Amino acid sequence: MTLSISSSGTSRPAKIFISLLKNSAHNIRQLGQIFAQTITTGCIYCPLTWNSIIRAYSKSPTPIKAILIYNHIIKPTTFVVLPDNHTYPALLKACSRLPSLPKAKEIHGHLTKSGLLHSDIYINNSLIHLYRTLGQAKDARRVFDEMYHRDLVSWNSVLGVYSSCPDLWVEALVLFKRMLYVGVEADAVTIIILLSACGLVREGIEYGRAIHAYVMKVGIGFSLNLENSLLSLYSKGGDMNTAIRLFNEMMGQRDVASCTILINGYVGLGLVDQAREIFDRMDVKDHVSWNSMINGYVKANQPKEALELFKEMEMDDVSPDEKTVVSLLSACACLSELRLGRLVHNFIIERNIRFDVFVGTALVNMYAKCGSLEEAMVTFHKLDYKDVFTWTTAVTALANYGRGNEALMLFREMQKEGIEPNEATFVAVLTACSQSGLVEEGCELFNSMHRLFSIQPRIEHFGCLVDLLSRAGLLSHAEKFVRTMPVDEKIIAYKTILSACISYFDIELGENVAKEMIKLRPQSHGVYVLLSNFYALANQWDKVVEMRRIMKESSMRKEIGISFIDIKT
């Protein structure tokens, strides 16, 4: 039996529940009480009430309940409420907030069976938005291509999918061209999405200039959001002259976001002083602008300035968030300040700052770099959720402390947890093998990179393997391996082998390696110093003089090193 009640026939209790549900989405307790009462009164079987409950839960801190209620109600029982075009948008919103691809596919299947998918543009647009949230570009495009009717929101939704993926930014431009060809006029939202896509890669700035010209040609109004998008395009592309000109033209309209975009642009170019000038001139600063400037100092390797600026942030009564403490922990790691790092850790707990995966990873990194491996690993194992970067940070920590076997065990545990290693993970675990003399394990890992994980070895991985073989005294094996490497990457590997030849007093192999290095015509002062030291060891003083002559004629100078000590009184 199917119960279908029209809105005109909605009972008075149902109307009261619907009214209460509009303001109860963020109050879990109240929402639960209303839901229980709709069941006891039977109002749950009114389509308007049912849709209102699902919509409220989709906006609540527990969106999974919207899907659970839906699954329960649609079971073939005595009373069945048919889902309609008001039900599915709320369910799709719940899926996007979880986020859950299996649930998204399940609801997509129900939509297809219901027949609503091909008759309601709003539902299709919501489904495209869901797949965008889940990073499923192919699924989003498939929904778009199968739509019988599309509006501007449909085009903007699928363009938004491509603007979120650095590898697909060109697809956004191709689709935009098709959109204009079929006679759909772009609006400011379309342009903002396209500019965002162009800003994903450095070469996208030239396409962004063309879009800027298009906006001026067709007369699309320059709203604040559009102007900020243009500002972001030029800042990310490194064209700060154009960015500053646009910024000055926005004199009466720019906001905090406009200034923050400029700050990030200068920080990206390493011009932290210019970023600070913009920051100091801001009349109003929010936590995003403070975070950008603090992070700018960390990126510029000025950790003390970052910590000083944080003190000013506190004095200005601006509440720090997860991004703030991640930058602070990075600053402590740069300074190797364990005491300060512990204070920041306590600060996170006292201020009840959300302990997300970025904060957890930053804590593990800070403790490891500040000399407390034990605290780093305790923090790591206490984390509820760990991503590939968290695991890589922990493996790197163990590698740097010479705990090669433990690093290998953690690497294998990571794979058991279903986390696939990336390029950085392999650098970490190969370094661990090198530091601990695990030759067989290191070679096996190197060979598995492409075979099992489709990761193409880079110079860092080649260097780790050469270092592993050289440390183990397998110099001839290392030299044969270097021959297979790309020419541009050989010089660093040869340096490692020649250093090992000096340590093992292998003059014969060292001479062959030295000849190969000279053929590559290196431009590094350190390479010629190493060659000079080797020839001195081999008593080939004429070659020593030649190496010194090349350095002098090429005006090569050794980079000045800096050392410091921390005196505790």
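Author: Before the first helix pair, one term: an axis here is a line fitted to C-alpha atoms, for helices over the stretch in contact, and angles run from 0 to 180 degrees between N-to-C directions. The model is a predicted one.

Reader: Fine. How close do the axes of helix 14 and helix 15 come, and at what angle do they cross?

Author: The axes of helix 14 (residues 240-249) and helix 15 (residues 256-268) come within 11 Å. They cross at roughly 165°.

Reader: Roughly parallel or roughly antiparallel, then?

Author: Angles over 145 degrees count as roughly antiparallel, and helix 14 and helix 15 are therefore roughly antiparallel to each other. Helix 14 passes helix 15 in a left-handed crossing.

Reader: Which residues meet there?

Author: From helix 14, Met240, Ala243, Ile244 and Phe247. On the helix 15 side they meet Ser258, Cys259, Leu262, Gly265 and Tyr266. The residues of this contact divide into seven nonpolar, two polar and no charged.

Reader: Now helix 26 and helix 27. What are the distance and the angle?

Author: Helix 26 covers residues 439-453 and helix 27 covers residues 459-471. Their axes come within 10 Å and cross at roughly 160°. Helix 26 and helix 27 are therefore roughly antiparallel to each other, and their crossing is left-handed.

Reader: And which residues are in contact?

Author: Val439, Gly442, Cys443, Phe446 and Met449 of helix 26 meet His461, Phe462, Leu465, Leu468 and Leu469 of helix 27. By class, the residues of that contact are eight nonpolar, two polar and no charged.

Reader: Stepping back, how many helices and strands are in the chain?

Author: The secondary structure comes to 32 helices and zero strands. The chain has 569 residues, of which 47% count as buried. Along the principal axes, the C-alpha atoms fill a box of roughly 105 × 60 × 55 Å.

Reader: What share of the contacts with a separation of 6 or more is between residues 24 or more positions apart?

Author: Such pairs account for 60% of those contacts.

Reader: Helix 7 next. Which of its residues are buried?

Author: Ile123, Asn124, Asn125, Ser126, Leu127, Ile128, Leu130 and Tyr131. The buried residues of helix 7 pack against helix 5 (87-97), helix 6 (101-114), helix 8 (137-145) and helix 9 (152-163).

Reader: What should helix 7 span, going by its residues?

Author: Helix 7 has 13 residues, 121-133, and at 1.5 Å a residue they should span 18 Å. The end C-alpha atoms of helix 7 are 18 Å apart, which agrees.

Reader: Where is Asn301, and what is its phi?

Author: Asn301 is in the loop between helix 17 (287-299) and helix 18 (303-315). Its phi is positive, about 60°, although Asn301 is not a glycine.

Reader: Buried or exposed?

Author: Asn301 has a relative accessible area of 57%. The cut-off for exposed is over 50%, so Asn301 is exposed.

Reader: And Ser336, what is its phi?

Author: Phi of Ser336 is near 55°, a positive value in a residue other than glycine. Ser336 lies in the loop between helix 19 (322-335) and helix 20 (338-350). With a relative accessible area of 45%, Ser336 is partly exposed.

Conventions. Residues are numbered from 1 along each chain as its sequence is written. This is a predicted model: local features need pLDDT of at least 70, side-chain atom pairs count only at pLDDT 80 or more; totals for chains, interfaces and linings use all residues. Side-chain values use heavy atoms; hydrogens and water are left out. Helices (H or I, at least four residues) and strands (E, at least two) are DSSP runs, numbered from the N terminus. Angles under 35 degrees count as roughly parallel, over 145 as roughly antiparallel, 65 to 115 as roughly perpendicular and the rest as oblique. A crossing is left-handed if the near helix is turned anticlockwise from the far one by less than a right angle, and right-handed if clockwise. Contact means heavy atoms within 4.5 Å. Ala, Val, Leu, Ile, Met, Phe, Trp, Tyr, Cys and Pro count as nonpolar, Asp, Glu, Lys and Arg as charged, and the others, Gly among them, as polar. The expected span of a helix is 1.5 Å times one less than its number of residues. Buried means under 20% relative accessible area, exposed over 50%, partly exposed in between (1.4 Å probe, protein chains only).
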